[in-house]
Amino acid sequence: MSEETKQEQQEAKEEKSEAVEEVFAEGPQVEEVTEEEQHESDELSQLEEKLNESENRYLRLRADFDNFRRRVNVENEAKEKYRAQGLITELLPALDNFERALNIEADNDQTKTLLQGMEMVHRSIVEALKKEGVEPIEAVGQQFDPHLHQAVMQTEEENVDSNVVVEEFQKGYKLKDRVIRPSMVKVNQ
C-alpha cells in the first residue's frame, strides 16, 4: 500500500470517529434540550393556568363590586325616597288630633275664628305632607284591601256589598308607594 492510500484510510477513520463522536455528543444534548423544553413547557402551562385563575378572580371581584355598587345605589335611592318617613309617622297622631279638634261645633264667634285659624294651619300641614309624597288612603266605599286597611269591626248592612268598607275610624296614609299606616275600618260581611 502506498503512503497516500494509508493516509486516505487514516483520514477516513478519523472522519468516521469524528462523526461518531458528533453523534454521541449530540445525543445527550438533544435529551437535555428536550428536558429543558419540557420543563419550560410545564412552567409555561403553569403560568398560563395561574393567569387564567387570576383573570377569573378579577372578573368575579369586578362583578361583585358592580353588584355592591348597584345595591348601595338602590339603598341610597330608597333612603332618599323615604327620608321623611320617621317624621311623618310622628306627625300623624298630631294631625289626627287636629282633625278631631276641627270637628267640634262652634257656638260663638271667638270659637269660629279659632277654628278658621286651625283649619288654615291644618291645610298648610296637609300641603307640606303632600309635597313630601304623603297621601291619605281612600277607605269608605272601597273594597277591603288588607294591605291598605285594618278591619277592627264587622257589620251586616243589606244595602252595601260584601267586603266593602262601611266606616273609617282612623285615616290611613301612604308615603309614595309605601303604606305608613293602614286605615282602621269597619267592613261589611
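This report covers the charged, aromatic and nonpolar side-chain contacts of a predicted model.

**Salt bridges**

Six salt bridges turn up across the whole structure. Three of them are listed here.

| Side chains | N to O distance |
|---|---|
| Arginine 69 and aspartate 66 | 2.7 Å |
| Lysine 171 and glutamate 99 | 3.7 Å |
| Glutamate 80 and arginine 83 | 3.8 Å |

Arginine 69 and aspartate 66 both belong to helix H1 (residues 3–81). They lie three residues apart, so about one helical turn separates them. Arginine 69 has a relative accessible area of 42% and is partly exposed. Aspartate 66 is also partly exposed, at 25%.

The bridge between lysine 171 and glutamate 99 connects distant parts of the chain, 72 residues apart. Lysine 171 sits in the loop between strand S3 (165–170) and strand S4 (173–175). Glutamate 99 lies in helix H2 (residues 85–102).

**Rings**

No aromatic pairs are found anywhere in the structure. Tyrosine 82 does have a charge over its ring: the charged end of arginine 178 is 3.7 Å from the ring centre.

**Nonpolar surface**

Val152, Met153 and Phe169 make up a nonpolar surface patch. Together they present about 250 Å² of accessible area. Valine 152 belongs to strand S2 (residues 149–155). Its relative accessibility is 41%, so valine 152 counts as partly exposed.

Definitions and conventions: Residues are numbered from 1 along each chain as its sequence is written. This is a predicted model: local features need pLDDT of at least 70, side-chain atom pairs count only at pLDDT 80 or more; totals for chains, interfaces and linings use all residues. Side-chain values use heavy atoms; hydrogens and water are left out. Patches are made of residues with over 30% relative accessible area and no salt bridge: like charges are joined within 9 Å, nonpolar side chains (Val, Leu, Ile, Met, Phe, Trp, Tyr) within 5 Å. Accessible areas come from the Shrake-Rupley method with a 1.4 Å probe; for residues, only the protein chains shown count as cover. A salt bridge is a side-chain nitrogen of Lys or Arg within 4 Å of a carboxyl oxygen of Asp or Glu. Helices (H or I, at least four residues) and strands (E, at least two) are DSSP runs, numbered from the N terminus. Buried means under 20% relative accessible area, exposed over 50%, partly exposed in between (1.4 Å probe, protein chains only). Rings of Phe, Tyr and Trp (its six-membered ring) pair if their centres lie within 6.5 Å; planes under 30 degrees apart count as stacked, over 60 as edge-to-face and the rest as tilted. A charge sits over a ring if NZ of Lys or CZ of Arg is within 6 Å of the ring centre and within 35 degrees of the ring normal.
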